[in-house]
Amino acid sequence: MERRTSRPRGTAAPRITPASPCPCGLPAAYGECCGRFHSGSAAAPTCEALMRSRYAAFVVQDAAYLLRTWHPETRPPGVDFDPSMRWVGLEILDTTEGSAFHSTGTVTFRAHYTDDGRPDSLHEKSRFVRHEGAWVYATAVFVD
């Protein structure tokens with residue numbers, strides 16, 4: 001996900017604990033799902049897993065993880081978060097390649113959010129590549 005927004009200092013991310021349902025939508029607790037990627041105790045094995053974990057990083061406002069999993073050629077200097085925006089759901093619509101046997105892959109998704117309480121969504125096709133052995137986000141095309 002490429003969306004970058006600003007957040008005033010002191011605005012807290014939604015409280016998600018290791019036992020909370022994972023924001024990525026899979027039926028697992030955050031600590032056992034995307035939380036282990038965020039903490040660095042595991043690496044996303046597929047580009048879909050990386051996409052899900054990056055979405056969850058937007059939910060929990062983990063800028064360090066987002067930057068760490070962004071290809072160095074396209075990585076911004078920082079990530080800020082808009083306090084009026086809340087990510088509320090992720091739909092994976094399509095994937096191509098992106099397994100342990102590939103060096104590239106794509107994930108087409110729709111990420112739902114509210115902005116000052118108004119519902120909206122981001123429809124994107126993200127491209128992932130292997131960089132130094134790990135999956136990283138490279139580029140995106142906004143579908144609508």
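Me: Which residue in strand 4 does arginine 130 stand opposite?

Reply: In this predicted model, arginine 130 faces tryptophan 135 of strand 4. The pairing that holds this position joins strand 3 and strand 4 in the antiparallel sense, over eight bridges. Another bridge between them links glutamate 124 to phenylalanine 142 in strand 4.

Me: How many residues lie between strand 3 and strand 4 in their hairpin?

Reply: Two residues separate strand 3 from strand 4 in the hairpin, and in that turn glutamate 132 has a positive phi of about 50°.

Me: How many bridges join strand 2 to strand 3, and in which sense do they run?

Reply: Strand 2 (residues 104-115) and strand 3 (residues 118-131) run antiparallel and are joined by twelve bridges. One of the paired positions sets threonine 104 against valine 129 of strand 3. These two strands also form a hairpin with two residues between them, where aspartate 116 in the turn has a positive phi of about 55°.

Me: Let us turn to a side chain. Is arginine 52 buried or exposed?

Reply: To read burial, one compares the relative accessibility with a cut-off, and buried means under 20%. Arginine 52, which lies in helix 2 (residues 47-60), counts as buried because its relative accessibility is 12%.

Me: Finally, how should I read the largest pocket, and what is its volume?

Reply: The general idea is that rolling a probe the size of a water molecule over the atoms shows where empty space is left. Here the largest pocket has a volume of about 230 Å³. Its lining consists of 15 residues, with Ala43, Arg68, Thr69, Ala134 and Trp135 lying nearest the centre. Two or more lining residues come from each of helix 3 (63-68) and strand 4 (134-142), and strand 4 gives the largest share, three residues.

Me: Which classes of residue make up the lining of the largest pocket?

Reply: The lining of the largest pocket is made up of nine nonpolar, three polar and three charged residues. Trp135, among those nearest the pocket's centre, is also the tryptophan that stands opposite arginine 130.

Technical notes:
Residues numbered from 1 in each chain as written. Predicted model: local features only at pLDDT ≥ 70, side-chain atom pairs only at ≥ 80, totals over all residues. Heavy atoms only, no water. 1 Å grid on protein atoms, 1.4 Å probe; cavity = no way out; pocket = protein on both sides within 12 Å on 5 of 7 lines; lining within 4 Å. Points joined across faces, edges and corners; volume = space filled by probe spheres on them. Helix = DSSP H or I, 4+ residues; strand = E, 2+ residues; numbered from the N terminus. Nonpolar A, V, L, I, M, F, W, Y, C, P; charged D, E, K, R; others polar. Pairing = 2+ DSSP bridges. Buried < 20%, exposed > 50% of the residue type's maximum accessible area, 1.4 Å probe, protein only.
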